[in-house]
Amino acid sequence: MQYVYSNVTQSLNFFGNSDPFELIEEYGSPLYVYNERIFRERCREMKNLVSYPNFSVNYSVKANSNLQLLKIALEEGLNVDAMSPGEIFLELQAGFKPEQILFISNNVSADEMKFAIDRKITVSVDSLSQLELFGKINPGGSVAIRFNPGVGAGHHKKVITGGKETKFGVDPNFIPQVKEILKKYNLKLVGINQHIGSLFMEGSAYIQGIKSILSLAENFEDLEFVDLGGGFGIPYHKQENEARLDLSSLGKELDSILNEWVKSYGKNITFKIEPGRYISAECGVLLGTVHAIKINYDNKYVGTDLGFNVLQRPIMYDSHHDIEIYRNSDLPSTKKEPVIIVGNICESGDIIAKNRLLPEIFEGDLLGVLDAGAYGHVMSSNYNNRLRPAEVLIKENGDHILIRRRDTLEDLIRCYNV
Ligand SMILES: Cc1ncc(COP(=O)(O)O)c(C=O)c1O
Ligand SMILES: N[C@@H](CCCC[NH3+])C(=O)O
């Protein structure tokens, strides 16, 4: 097999003892492939972000909740956040204890809130009405609150979750009402949290957000934790040598802010962070197959099985993913040309890469979509009644194992009443 374009995965020995053609032959195309070594490395980098002792890395499993990866995160000493009863269910299945889970709820039903409370999982609510609901369900209980101190950041407006234009968090102007509701239901506020948004590549907005949430925390006595949120970015433009987020200087800055703050607060509370993408994006490559090449008017289209049912990020946020080309024949690619890489879904927005300058691609080539381990499979769907791909793990010894099977046609009719 030749790496026709880009050797990012080759230099990482990403596919271990196999090559993409062998994996596709065994598990079908398209296919999500995860590298265990890289996943573990990212867990450790986050754990070592600061030297402040009471520090918890809560993996935000919405990025990738494959059960096998959750078990590895648990082995690495991470805790988790959850956004839904489904995520809680998976986390408990993976072996996390209730005290390792923070349910960061958003507009949940009473039953969903009860689901967490019954399992002794801390619930963070993000509106006054949900705080009232919590108080009615669990008077005298312990609760956390998500605040929105006004700072937002992210790679796209759809993923900015702090500031004035988002549904998330409680506006700090309502702190008096928060206190009234806490008192009314005799609730103990154990923690506060925020999340400014997803994907920052330099730490200034994150630090600004932390300063805001810490100054807000001073309104409350005897907190047990402040959760600073996630959003740590990864370089999606590896083929152009994009720099990594400088974790070392971010960690130093954090350490000095946190140590200083606990001194004035008078208690060594726990600080939590909630990274999702940073933990799982780079351990994942989505493999797909080129089935057709065509020229429509002036555009050259590369037709693949990588529809937006499989990876939604490009259609949803115009996100960039680097693409590698693998070939099992001697066909030469002599020139680079702009191509539009498309999937097999019945919508003209079904584009995975627009006007990408790549060496000539042929039918039968495989493509590797890099950094697909976060918000990849979890956001995939059965649109057009296509089957969601299998997920395979390249273990640390280089062998591969199937960690989620591909959908079957029978799966498509499983929920119908016929
Ligand atoms: C509340 C919350 N925490 C954590 C995350 C994880 O974000 P990221 O994957 O950017 O680290 C998200 C997603 O943006 C989120 O909404
Ligand atoms: N799904 C988004 C990130 C959103 C994170 C959840 N709040 C992405 O793919 O970039």
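Modeller: What follows is a set of questions and answers on a predicted model.

Colleague: Which residues come nearest to ligand 1?
Modeller: The shell around ligand 1 has seven nonpolar, eight polar and three charged residues. Of the 18 residues around this ligand, five come nearest, and they are Ser-60, Ser-198, Gly-230, Gly-276 and Arg-277.

Colleague: From which domains does the shell around ligand 2 draw at least three residues?
Modeller: Ligand 2 is surrounded by Lys-62, Val-159, Thr-161, Ser-198, Arg-313, Tyr-317 and Tyr-375, and these divide by class into three nonpolar, two polar and two charged residues. With the domain bounds as assigned, the shell takes at least three residues from each of domain 1 (2-34 + 282-413) and domain 2 (36-280).

Colleague: How many residues does the largest nonpolar core have?
Modeller: Within this core, the residues with the most contacts are Val-33, Phe-103, Val-123, Ile-145, Leu-286 and Val-369. The core draws at least three residues from each of domain 1 and domain 2. Leaving aside neighbours within four places in sequence, Leu-286 is in contact with several residues, including Pro-30, Tyr-32, Leu-306 and Val-369. The core's size is 103 residues.

Colleague: How far apart do the end C-alpha atoms of residues 39-281 lie?
Modeller: An unreviewed UniProt entry places the feature "domain: Orn/DAP/Arg decarboxylase 2 N-terminal" at residues 39-281. In the model this span is 39% helix and 15% strand, and the distance between its end C-alpha atoms is 9 Å.

Note on methods
Residues are numbered from 1 along each chain as its sequence is written. Chains are lettered from A and ligands numbered from 1 in the order in which they are written. This is a predicted model: local features need pLDDT of at least 70, side-chain atom pairs count only at pLDDT 80 or more; totals for chains, interfaces and linings use all residues. A residue is near a molecule or strand if its C-beta atom, placed from the backbone, lies within 6 Å of it. Ala, Val, Leu, Ile, Met, Phe, Trp, Tyr, Cys and Pro count as nonpolar, Asp, Glu, Lys and Arg as charged, and the others, Gly among them, as polar. Domain bounds come from an automatic or database domain assignment. A nonpolar core is a set of buried Ala, Val, Leu, Ile, Met, Phe, Trp, Tyr and Cys residues joined through C-beta atoms within 7 Å. A residue is buried if 20 or more other C-beta atoms lie within 10 Å of its own, exposed if 12 or fewer, and partly exposed in between; C-beta atoms are placed from the backbone. Two residues are in contact if their C-beta atoms, placed from the backbone, lie within 7 Å. UniProt positions are given in the numbering used here, feature names are shortened, and annotations may be inferred rather than shown by experiment. Helices (H or I, at least four residues) and strands (E, at least two) are DSSP runs, numbered from the N terminus.
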